[in-house]
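Morning, everyone. One structure today, and I'll keep it short. Please have a look at it before I start.

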Amino acid sequence: MKILFLLAALVIAGPAYAERDDFGMGAASVACAMLDAGYSRYQVEKVLDLLERDIINSGINERQQFQMASGFNYQAARNNCSLRYRE
């Protein structure tokens, strides 16, 4: 439950970090931690899908989406986590 709270905090803080890859890096860290904590890949992907939808609906542009996806992929690889965000 704590991890879901952290992910919710990332969603709320999203617009402030929309132009940097650190938002994506943070989302990857939380998602990978969810897998490590025993959440199923399906559950984690479902949370990521909701996050992706909220980010797109927030009105950010494609460049900002790409930056977040790049940050996510970078951090997921650093954490040796099998998750990859759609670009």
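Is Leu83 buried or exposed? Leu83 is buried, because its relative accessible area is 0%. Keep in mind throughout that this is a predicted model.

Let me place that residue. Leu83 sits in the segment after α4. Set aside the neighbours within four places in sequence. Leu83 then contacts Ala31, Cys32, Leu35, Arg41, Val44, Glu45, Leu48, Phe72 and Ala76. Several of those names will come back.

Now the overall layout. The chain has four helices and zero strands. Along the sequence the pattern reads α-α-α-α. The chain has 87 residues, and buried residues make up 37% of them. Next, the contacts between residues at least 6 apart in sequence. Of those, 68% join residues at least 24 apart.

Next, the disulfide. How many disulfides does a search of the whole structure find? One. The partners are Cys32 and Cys81, with sulfur atoms 2.3 Å apart. That passes the cut-off, which is 2.5 Å between the sulfurs. The angle about the S-S bond is -110°, and the link is left-handed. The pair ties together distant parts of the chain. Cys32 belongs to helix α2, residues 22–36. Cys81 is in the segment after α4, and α4 covers 62–78.

On to helix packing. Two packed helices are described by the angle between their axes and the distance between those axes. Take α2 and α4. They pack at an angle of about 40°, with axes 6 Å apart. Therefore α2 and α4 are oblique to each other. The crossing of α2 past α4 is right-handed.

Who makes that contact? From α2 it is Phe23, Gly24, Met25, Ala27, Ala28, Ser29, Ala31 and Cys32. From α4 it is Met68, Gly71, Phe72, Tyr74, Gln75 and Ala76. By class, the α2 and α4 contact holds ten nonpolar residues, four polar and no charged.

Gln75 is in helix α4. Its relative accessibility is 9%, so Gln75 counts as buried. The threshold for buried is under 20%. Beyond its neighbours within four places in sequence, Gln75 touches Met25, Ala28 and Ser29.

Now α2 against α3. Helix α3 spans residues 41–57. The axes of α2 and α3 come within 9 Å and cross at roughly 160°. So α2 and α3 are roughly antiparallel to each other. Which hand is the crossing of α2 past α3? Right-handed.

On the α2 side, the residues are Phe23, Ala27, Ala31, Met34 and Leu35. They meet Arg41, Val44, Val47, Leu48, Leu51 and Ile55 in α3. The α2 and α3 contact divides into ten nonpolar, no polar and one charged residue.

Phe23, Ala27 and Ala31 of α2 are in the contact with α4. Phe23, Ala27 and Ala31 also meet α3.

First, Asn73, which is found in helix α4. Asn73 counts as buried, because its relative accessibility is 15%. Leu83 and Asn73 are ten residues apart in sequence and 7.7 Å apart, C-alpha to C-alpha. Asn73 and Asp21 are 52 residues apart along the chain, and their C-alpha atoms are separated by 9.8 Å.

Then Asn80. Where is Asn80? In the segment after α4. Asn80 counts as exposed, because its relative accessibility is 73%. Look at its backbone too. Most residues other than glycine have a negative phi. Asn80 is not a glycine, yet its phi is positive, about 55°.

To recap that last segment. Asn80 is exposed. Comments, please.

Notes
Residues numbered from 1 in each chain as written. Predicted model: local features only at pLDDT ≥ 70, side-chain atom pairs only at ≥ 80, totals over all residues. Heavy atoms only, no water. Helix = DSSP H or I, 4+ residues; strand = E, 2+ residues; numbered from the N terminus. Axes fitted to C-alpha atoms, helices over the stretch in contact; angles between N-to-C directions. Parallel < 35°, antiparallel > 145°, perpendicular 65-115°, else oblique. Left-handed = near helix turned anticlockwise from the far one by under 90°. Contact = heavy atoms within 4.5 Å. Nonpolar A, V, L, I, M, F, W, Y, C, P; charged D, E, K, R; others polar. Buried < 20%, exposed > 50% of the residue type's maximum accessible area, 1.4 Å probe, protein only.
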